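Here are a few exercises to work through with the model open in your viewer. Try each one yourself before you read the solution.

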Amino acid sequence: MNPNEMARRLRHDLIKHLDIPAPGAPLSDAAAQVLARRLFDSGTGMCKTASILGFKLRHDPDWEPILDDKLDRVEALCAKFETNRDDIVVRLKTGKSLTNDEIQQLHDIVAAVEDFETECKRISIVDDMPNLEESAFDFFGFGSNISKKTEHNSAFPIQSSPHDSPSPEKLHVLVVDDHLMLIDRLQANVSFIRRFTWATLCDRQISCLACNARESCPLRRARNAHEAIEALQRSKRQNRKIDAILMDIRFDALPPEELLSLSEDPSLQSPERIKSLQGLIIARYLRQFPDFARIPIVLMTDKSRLPDGANSLLQNMSGLQFVDDEDSLDALAARIESIVKLGREVRVEQGYFWGASQSIRSARQQIEIMSQGPRTMLITGPSGSGKSSLVEKIIYPMSKRSPLVTLDLSAVPETLIESELFGHVKGAYSGASSDRMGLIEEADGGILFLDEIGNLSPEIQQKLLIFLQDKVVRRVGAPFQSARRVDVKVIVATCHDLDKDVKEGRFRFDLYMRFAPAMRIELPPLRDRRIDLPDFVEMLVHKTLNSSDMKPYLDSFKERSHTQGNIRVDFNRNYDKLPDNCACVRFKPATRELFMSYNWPGNTRELESILDMLLLKALYDLYVAHSPSRIIEIDPYYALTLLGEIEKTSIAPQAIGIQNSVVQAPQGFDIGVCADFAQLRQTLERRYLSMIYESCNGDLAQMGAKLFGNDGDDVKHKIAIRMNQLGLSLRQMKKRVHNAISHDRE
């Protein structure tokens, strides 16, 4: 533990989740039990933790003796408080609260922890602790009983006003409930005070906690569907995004005229049924508003205890989460933060696109949980859905393991897979001329990623099963006593239907059960994520334009159009006017409709390939035309050609030049017929480089200056190598250019 973490650890383990009650206020049974556990639990209780953590800190290599006095005080105060443990526990079990003296002792502990933090700052051990805000003790009635030092060092700050802009750490939450009970519990809880601000219907610039009208105020939350919409629109006008909506299921206190009903479902028309499901009905109603359709809605009930009729309301509903309202409020706060984090509309992490669709959000939550620890993982999804990219960019760095070793089982002959995985010793089989370490041993301490696990033979499946059970590896041909234990997290992926393979005997049931269902993560196909497609297209366009092989074409475009700024992507944003020095990749409405309606059988891999070709074609067209335009227009007819969707339109195939089983360029773009995208791209690049070579009269230095802004020998060498790779003979081309120049002179 480095010194920077010592103060953080002390705060987190002792006072972060310590809810100090108000003096004389009775506690509910649940609140009393939570407080008792927080104080005296043998594993996580504050009193036990203080002595254990103090011992660990003092024996840490980075401990500073100057902190001894501050830590001594924390330990002494906790030990003093524990002397009354038995009496406190008895009183809490009977619903009584702590005495004023005991409450004061807890505040003294908080102040001592903060003194420890202050000393850490002074000696520059900790330089990034958050600034302490104003005290919340006045709200709890301690204004005259606590010393000024304690007041200004409180660990439990409150916001000055619910209407001020929230700090970046705090989430903006709307509560929808017919009773005040929920909002009372939340606004009086320390965890919520520190983490959340509230969307209200009140215009007073004062904190709800400090308001004299708080006890009877109906404006601290929305009572019904109409007020919920009003609060959402009010926050929108104030440019304050609501991060989550907390809502009860049952609304008993609303008068009949304020209840929202669903006329299309006769089974939900009785007043009692409408009241019991009002929360779900309001949630369904809110999803009809585009501006609010993606806000996570947290329903305060266990999903297993939903009333009859709930299933019909849940159909086709996205973004709903259920929490058990019997959990502690600390746990609830953490759960809401997690839900909001998972509910962000668009998130690109480590170059991996998540998006906002419900299917990928569910997968993302599993991934964050399963990436930790040594547990085996199974990733399923259609070809091209991003399984390998997910492992490399997300799971691997998140796991904190190293190295990452990858094997595509579909690319290795079946006879060599066992040796690849387990290694072999010299003479194990014909051709084994020396000892060889297998990939399992190579991945010791890290991750072994086996792609296309469905291609594994039954014999190797059995050996893999034994390894997963024992985590012991023995090289092929080696004696049994040579086996060694390894620490390897195994991740497997497949596009096969393993359920079907198990039923038909192609995949072992016992191996399958090592992965499913708890260890299984399913990546959805792109056709099920159409809500994410516009943002996905934008991200991939920027990625493609920033790639090294696209740079020469992009630089040439910027030089002609006199633009050097960032390039915008107009897929659905409708940029009417472009700022000076700015360019734009524009998708026409026909292209957008095609992308949104296409089935994308190749998934994200196909989308990326299509965009690569469309961008290359668009830049090539601008180059051929010597156009100074700042708009990179995506050709909808060429998109139709590439996607093979021309048969579904009223345009005849002959009008665009497409044939049944090949990819062909549109009329006016004479590059012939290509068998696939790779060949088409090479043909485009070959044609582009040939034109530049001819325009530069065969001068590679001039080509380098035009393409890369560099006429050095290294660049000239790279151009020559690339042209040779594309089948362009520089000798023949130079001869042709020389003859053309001679002919012009004559």
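**Exercise 1.** Find the bridge partner of I567 in β18, then work out which strands pair with β18.

*Solution.* Start at I567: its bridge partner in β18 is A583. That contact belongs to the pairing of β17 (residues 567-570) with β18, a parallel pair held by four bridges. Strands here are DSSP E runs of at least two residues and helices are H or I runs of at least four, numbered from the N terminus; two strands pair if DSSP finds at least two bridges between them. Next, look at C584, which stands opposite I631 in β19. β18 and β19 (residues 631-634) also run parallel, again over four bridges. Finally, check the cover: four of the five residues of β18 (residues 583-587) are buried, where buried means under 20% relative accessible area, exposed over 50% and partly exposed in between (1.4 Å probe, protein chains only).

A word on the ground rules: this is a predicted model, so local features need pLDDT of at least 70 and side-chain atom pairs count only at pLDDT 80 or more, while totals for chains, interfaces and linings use all residues. Residues are numbered from 1 along each chain as its sequence is written, and side-chain values use heavy atoms, with hydrogens and water left out.

**Exercise 2.** Is T591 buried or exposed, and which residues does T591 touch?

*Solution.* First place T591: it sits in helix α24 (residues 589-597). With a relative accessible area of 0%, T591 is buried. Then list its contacts (heavy atoms within 4.5 Å). Leaving aside residues up to four places away in sequence, T591 touches I634, P636 and A639.

**Exercise 3.** Give the strand order of the open five-stranded sheet and say which strands stand at its edges.

*Solution.* The order reads β9-β12-β15-β8-β16, with parallel pairing. β9 (404-408) and β16 (520-522) each have a single partner strand, so one side of each is left without a neighbour in the sheet. From one strand to the next, the twist averages 20°.

**Exercise 4.** How many salt bridges does a search of the whole structure find? Track down the partners of R91, E441 and D635.

*Solution.* The cut-off is a side-chain nitrogen of Lys or Arg within 4 Å of a carboxyl oxygen of Asp or Glu, and the search turns up 24 salt bridges.

- R91 meets E102 at 2.5 Å, N to O. R91 is in helix α5 (residues 85-93) and E102 in helix α6 (residues 100-122), eleven residues apart. R91 and E102 are both buried.
- E441 pairs with R484 at 3.4 Å, N to O. The two are 43 residues apart, E441 in helix α18 (residues 439-442) and R484 in strand β14 (residues 484-485). E441 is buried at 9%, whereas R484 is partly exposed at 35%.
- D635 pairs with K617, their closest N and O atoms being 3.8 Å apart. D635 lies in the loop between β19 and α26 (636-643) and K617 in helix α25 (residues 603-624), so the pair ties together parts 18 residues apart in sequence. D635 is partly exposed at 21% relative accessibility, while K617 is buried at 5%.

Note on methods:
Axes are lines fitted to C-alpha atoms, for helices over the stretch in contact, and angles run from 0 to 180 degrees between N-to-C directions.
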